[in-house]
Amino acid sequence: MSEKIYEYKDEDNWFIGRWNGYNSLETLGGLIDESLSCLNQQLSSLNCNDIEKCDWESLGYAVTVINRKSDYLLISFVLDMINQETGRKLKAIRHEKAVLIVENETLLLVIIPEKGIALDDFMAGQKVQTQETILIATHNKGKTKEFTHIFGALGYKVEDLNAHPELPEVEETGMTFEENARLKAETICQLTGKMVLADDSGLKVDALGGLPGVWSARFSAPEATDAKNNAKLLHELAMVFEQKDRSAQFHTTLVLAAPKRESLVVEAEWAGYIATQAKGQNGFGYDPLFIVGETGRHAAELSAEEKNKLSHRGQAVKKLVEVLPSWLAKQ
């Protein structure tokens, strides 16, 4: 029997669970909640708790619900417990106001709200997508690769603007990271009707007064390239000899836009220093010159998994994932 404690918490939801063999959803203090009992009956059907048929060490979940606003999040929490403890691949998918539970492209269960759903709304004449798609507002394959690693682990399919050659280029005319990210996300969202994530990221070097900042991608313009940008940065810092004086931060602002919703904005920074020479073959942009904190390693020496755990973009996505459920529920 697993002794692992599971927990999910945001500003509106808080669940704590353990695997102890009883397939139970209870409120704090054990108060009776009929809607919770009904939900538990449905979820229990996905995980056997018949002692005569099941191994004692793989029986069921026990979840204490402290705060609950989203049944979808609670369902996902329980499915994650079952998956981790039994090796299954259950997944919850929103469809209209219902939640579909699928495994290996097979629909196992439909959980509908207490008051039901209009049949026309539920059917909607379209195929239910078994994987939600986020359109990343970039042509940069390096960024797309990083977002695919991050969101793929969360069950999202990622596509970028290379799959949509019909869309126009959105000029980054803003003077801040947020202004540029909003321009891209909200414009592409209006044109496509899709959920769109845009980021504006850049390198801020303290000795250069925060430059290149929002101009990071075109620091060596015209016809800027990563190699030219890195060469210009080394030139600008040629007379700055001490590492402590070459401090810098990678910054990311993410804006997630969706039809008829107020955009969601998060930001994060990754502190380090600018090296005197490039190292590493991974990453893109200024990664070969960026020394990660006090580690001595360059960002381009990190694997994709290592970078996504540490980087400005990885931190920003983590913040986004934390607030995304509340954002979806409130709109």
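**Notebook: strands, rings and a surface patch**

I started with Val110, and I found it in strand β7, residues 106-111. For my own use: helices (H or I, at least four residues) and strands (E, at least two) are DSSP runs, numbered from the N terminus. Before going on, I noted that this is a predicted model, where local features need pLDDT of at least 70, side-chain atom pairs count only at pLDDT 80 or more, and totals for chains, interfaces and linings use all residues. I also noted that residues are numbered from 1 along each chain as its sequence is written, and that side-chain values use heavy atoms, with hydrogens and water left out.

**Entry 1: around β7**

Is Val110 buried or exposed, or partly exposed? I got a relative accessible area of 31%, so I wrote down partly exposed. The cut-offs: buried means under 20% relative accessible area, exposed means over 50%, and partly exposed is in between (1.4 Å probe, protein chains only). The areas come from the Shrake-Rupley method with a 1.4 Å probe, and for residues only the protein chains shown count as cover.

Val110 also turned up in a nonpolar surface patch of about 250 Å², together with Leu107 and Ile112. Patches take residues with over 30% relative accessible area and no salt bridge; like charges are joined within 9 Å, and nonpolar side chains (Val, Leu, Ile, Met, Phe, Trp, Tyr) within 5 Å. A salt bridge here is a side-chain nitrogen of Lys or Arg within 4 Å of a carboxyl oxygen of Asp or Glu.

Leu109 is buried, because its relative accessible area is 15%. I looked up Gln42 too: its C-alpha atom is 8.1 Å from that of Leu109, though the two are 67 residues apart along the chain.

**Entry 2: aromatic rings**

How many aromatic pairs does a search of the whole structure find? I got five. Rings of Phe, Tyr and Trp (its six-membered ring) pair if their centres lie within 6.5 Å; planes under 30 degrees apart count as stacked, over 60 as edge-to-face and the rest as tilted.

One of the pairs is Tyr8 with Phe15, stacked at 6.0 Å centre to centre with 25° between the planes. Tyr8 is partly exposed at 22%, whereas Phe15 is buried at 0%. Another is Trp270 with Phe290, tilted at 5.2 Å centre to centre with 50° between the planes. Trp270 lies in strand β12 (residues 264-274) and Phe290 in strand β13 (residues 290-292), so this pair ties together parts 20 residues apart in sequence. I found both Trp270 and Phe290 buried. I also saw Tyr8, Phe15 and Phe77 in one aromatic cluster.

Next came charges over rings, meaning NZ of Lys or CZ of Arg within 6 Å of the ring centre and within 35 degrees of the ring normal. Lys232 has its charged end over the ring of Phe219, 5.1 Å from the centre. Arg261 lies over the face of Trp327, at 5.5 Å from the ring centre.

**Entry 3: strand β10**

Why call β10 (residues 196-205) largely enclosed by the rest of the structure? Because nine of its 10 residues are buried. Strands pair if DSSP finds at least two bridges between them. I found β10 running parallel to β8 (residues 133-136), with two bridges, and Leu135 stands opposite Val196. With β11 (residues 247-257), β10 pairs in the antiparallel sense over 10 bridges; there Asp200 stands opposite Thr253.

**Entry 4: whole chain**

I noted eight helices and 13 strands. Of the 331 residues, 44% count as buried.
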